[in-house]
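Subject: Structure handover

Hello,

Here is the structure for your files. My notes on what was found in it follow below.

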Amino acid sequence: MKTKTRHKYPDSCITWPDLDTEIGSWKKYLTGRCLNAGAGHRDLSHLVDGELVNQDIEGGLHNDNIHIYSPLHNIPVEAAHFDSIICNAVLEHVSNPEEIMEEFRRVLKPGGHLYLCIPFLQPFHADPTDYQRYTRDGLKHLAEKHGFQTLEIETVHSVYHTLGWILDIWLRPKQDWPHRLLRGILFPLMRNRTKHSREQSIDVASAIRLIALRA
């Protein structure tokens, strides 16, 4: 349950923001003892006002900063152990998001905050599997069904990140001259727009995130 792998090709048509920019002002919710659920290799410690606890599954992940190795639906801590949880681009890769949301509710203190980010319009990206996408309504329903109160919900990244990732997956393997021509025209444009534009639309969002309060 690692965070999603982003394109790092020299000629990629996507310029992704760094983690500090992506989390932005939402880091105010990452306080106290904070669970980084499905941590992977990303370092969030400088974004947390408190103690960061990194969790991930065993097998194939070599990271000295993982504190808990377990499935996300069975975290070996007592109830109400955490003050906040961040789960960033993880639930698309699991087959049992409902069980995991129940576990998040169990291990989070009443009044604690859940930061949950899940793809909406993203190409298939197995890590090692890729099961589902959520609309704004679907993500809100998932949280509230399991005892959370939605406080904020919004898109992540710009419309150009949505378009850029789709274009990258579509055009990169093509070697005939019409597709190479399209790459030459569209990739520089998308690199520029994903770097500089903040234009967003929740209806065509690459990913959607919410902050929810544990009731």
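I start with helix α2, where arginine 106 and glutamate 103 are 3 residues apart and so separated by about one helical turn. Helices here are DSSP runs of H or I with at least four residues, strands are runs of E with at least two, and both are numbered from the N terminus. The two residues form a salt bridge, with the closest N and O atoms 2.9 Å apart. A salt bridge means a side-chain nitrogen of Lys or Arg within 4 Å of a carboxyl oxygen of Asp or Glu. Arginine 106 is partly exposed at 29% relative accessibility, whereas glutamate 103 is buried at 8%. Buried stands for under 20% relative accessible area, exposed for over 50%, and partly exposed for what lies in between (1.4 Å probe, protein chains only).

Some conventions before the rest. This is a predicted model, in which local features need pLDDT of at least 70 and side-chain atom pairs count only at pLDDT 80 or more, while totals for chains, interfaces and linings use all residues. Residues are numbered from 1 along each chain as its sequence is written, and side-chain values use heavy atoms, with hydrogens and water left out.

Other salt bridges

The count of salt bridges comes to 9. One of them joins the side chains of lysine 109 and aspartate 83 at 3.0 Å, N to O. This pair links distant parts of the chain, since lysine 109 sits in strand β5 and aspartate 83 in strand β4, 26 residues apart. Lysine 109 is partly exposed at 32%, and aspartate 83 is partly exposed at 26%. Aspartate 130 and arginine 133 also meet in a salt bridge, at 2.7 Å, N to O. Here aspartate 130 is buried at 13% relative accessibility, and arginine 133 is partly exposed at 27%.

Arginine 209

Arginine 209 is found in strand β7 (residues 207-214) and is buried, with a relative accessible area of 6%. Which side chains does the side chain of arginine 209 meet in polar contacts? One is that of tyrosine 115, at 2.8 Å, and another is that of glutamate 154, at 2.7 Å. A polar contact is a pair of N or O atoms within 3.5 Å; within protein, one must be able to donate a hydrogen and the other to accept it, and residues adjacent in sequence count only if both atoms are side-chain atoms. Leaving aside neighbours within four places in sequence, the residues in contact (heavy atoms within 4.5 Å) with arginine 209 include Trp26, Leu139 and Thr155.

Cores and helix α3

The largest nonpolar core has 32 residues, of which Leu91, Met101, Phe104 and Leu116 touch the most other members. Elements giving two or more residues to this core include β1 (31-37), α2 (97-107) and β5 (108-119). A second, separate core of 16 residues includes Leu19, Ile23, Leu30 and Ile211. A nonpolar core is a set of buried Ala, Val, Leu, Ile, Met, Phe, Trp, Tyr and Cys residues joined through side-chain atoms within 4.5 Å.

In α3 the buried residues are Leu139, Leu142 and Ala143. Seen down the helix axis they fall within an arc of 95° (taken from the directions from the axis to the C-beta atoms), so they line one face of α3. Asp137, His141 and Lys145 are exposed on the other side. The cover over the buried residues of α3 includes α2, β5, β6 (148-156) and β7. Just after α3, glycine 147 takes a positive phi of about 90°.

Regards
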